[in-house]
Amino acid sequence: MKQRITTHDMILCALFAALTALLSQLAIPLQPVPINLATLAVFLAGGILGAKYGALSQLVYVLVGAVGAPVFSSFTGGVGILVGPTGGYIAGYIMAALLVGWMTEKFGKTNFVLVSSMLLGMAVYDLLGTAWFMISTGTGLMQSLALCVVPFLFGDALKILAAAILVPRICGVLRRGPARVA
């Protein structure tokens, strides 16, 4: 039987899209890719909302930004950002949330699964983002990795740790899966 999206699910998707927009503004404006906290929201969305609604929340974020709302880093928006050098990373948020959500739905929300799924989600948005960065700028692989991936690894590890701690606790409050930490 086809399950319909509930008002509760729509509100949670909107909240996580808004959280991504908010955390995108907490940034260190580096060039060519800023450091921000958006990926923390992506990991939380996938881990808490699951594959379908986690990805939907990030799709909403991307679409709101695409129509020009200043939700991307440094209060930017518009299609130009998505087709620019950082667009692949932003689009990768959707796939990362989908993957984190799918893995936690399939294997549970243990610390191991949460961290593993978020590491894979990070790999996905880094892969998509770096590929698009290379295409849009004509930069080679090693230079792209040095500019767009390596400087972010430590911060991404901290965001994964924070998200892995927060997901079970927030799920317990929202009653979306087990609140236990294994």
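The model is predicted, so local features need pLDDT of at least 70 and side-chain atom pairs pLDDT 80 or more, while totals for chains, interfaces and linings use all residues. Residues are numbered from 1 along each chain as its sequence is written, and side-chain values use heavy atoms, with hydrogens and water left out.

Start with the surface. A nonpolar patch of about 510 Å² is formed by Ile 5, Met 10, Leu 56, Leu 59, Val 60, Leu 63 and Val 64. Patch residues have over 30% relative accessible area and no salt bridge; nonpolar side chains (Val, Leu, Ile, Met, Phe, Trp, Tyr) are joined within 5 Å, like charges within 9 Å. The areas come from the Shrake-Rupley method with a 1.4 Å probe, and for residues only the protein chains shown count as cover.

Which helix gives the most to this patch? Helix 2, residues 38-66, does, with five residues. Helices here are DSSP runs (H or I, at least four residues), numbered from the N terminus. Met 10 belongs to helix 1, residues 7-25. Met 10 is partly exposed, at a relative accessible area of 45%. The scale runs as follows: buried is under 20% relative accessible area, exposed is over 50%, and partly exposed lies in between (1.4 Å probe, protein chains only).

Leu 22 is exposed, with a relative accessible area of 54%.

Is Ser 24 buried or exposed? Ser 24 counts as buried, because its relative accessibility is 1%. Its side chain reaches the backbone oxygen of Thr 20 at 2.7 Å. That is a polar contact: N or O atoms within 3.5 Å, where within protein one must be able to donate a hydrogen and the other to accept it, and residues adjacent in sequence count only if both atoms are side-chain atoms. Leaving aside residues up to four places away in sequence, Ser 24 touches Asn 36, Ala 38, Tyr 61, Val 71, Phe 72, Ser 73 and Ser 74. Touching means heavy atoms within 4.5 Å.

Another serine is found in helix 2: Ser 57. At 0% relative accessibility, Ser 57 is buried. The Ser 57 side chain reaches the backbone oxygen of Gly 54 at 2.7 Å. With residues up to four places away in sequence not counted, Ser 57 touches Cys 13, Phe 16, Ala 17, Ala 45 and Leu 49.

Next comes the loop between helix 2 and helix 3 (79-83), which holds Ser 74. Ser 74 is not a glycine, yet its phi is positive, about 60°. Ser 74 is partly exposed, with a relative accessible area of 44%. Phe 75 is in the loop between helix 2 and helix 3. Phe 75 has a positive phi of about 55°, although Phe 75 is not a glycine. At 57% relative accessibility, Phe 75 counts as exposed.

Now turn to the aromatic rings. A pair of aromatic rings is described by the distance of the centres and the angle of the planes. Rings of Phe, Tyr and Trp (its six-membered ring) pair if their centres lie within 6.5 Å; planes under 30 degrees apart are stacked, over 60 edge-to-face, and the rest tilted. The structure holds five aromatic pairs. One of them joins Tyr 93 and Tyr 125, with centres 6.2 Å apart and planes at 85°, so the pair is edge-to-face. This pair links distant parts of the chain: Tyr 93 is in helix 4 (residues 87-107) and Tyr 125 in helix 5 (residues 111-137), 32 residues apart. Tyr 93 is buried at 7% relative accessibility, and Tyr 125 is buried at 3%. Trp 102 and Phe 107 also make an edge-to-face pair, because their centres are 6.0 Å apart and their planes at 90°. Trp 102 is partly exposed at 41%, and Phe 107 is partly exposed at 48%. Phe 43, Tyr 61, Phe 72, Tyr 93 and Tyr 125 form one aromatic cluster.

Charge comes last. Side chains of opposite charge can pair when their charged atoms come close. A salt bridge is a side-chain nitrogen of Lys or Arg within 4 Å of a carboxyl oxygen of Asp or Glu. The count comes to one salt bridge. Lys 159 and Asp 156 form this bridge, at 3.3 Å from N to O. About one helical turn separates Lys 159 and Asp 156, because they are three residues apart in helix 7 (residues 153-174). Lys 159 is buried, with a relative accessible area of 9%, and Asp 156 is buried, with 3%.

Methods
Helix = DSSP H or I, 4+ residues; strand = E, 2+ residues; numbered from the N terminus.
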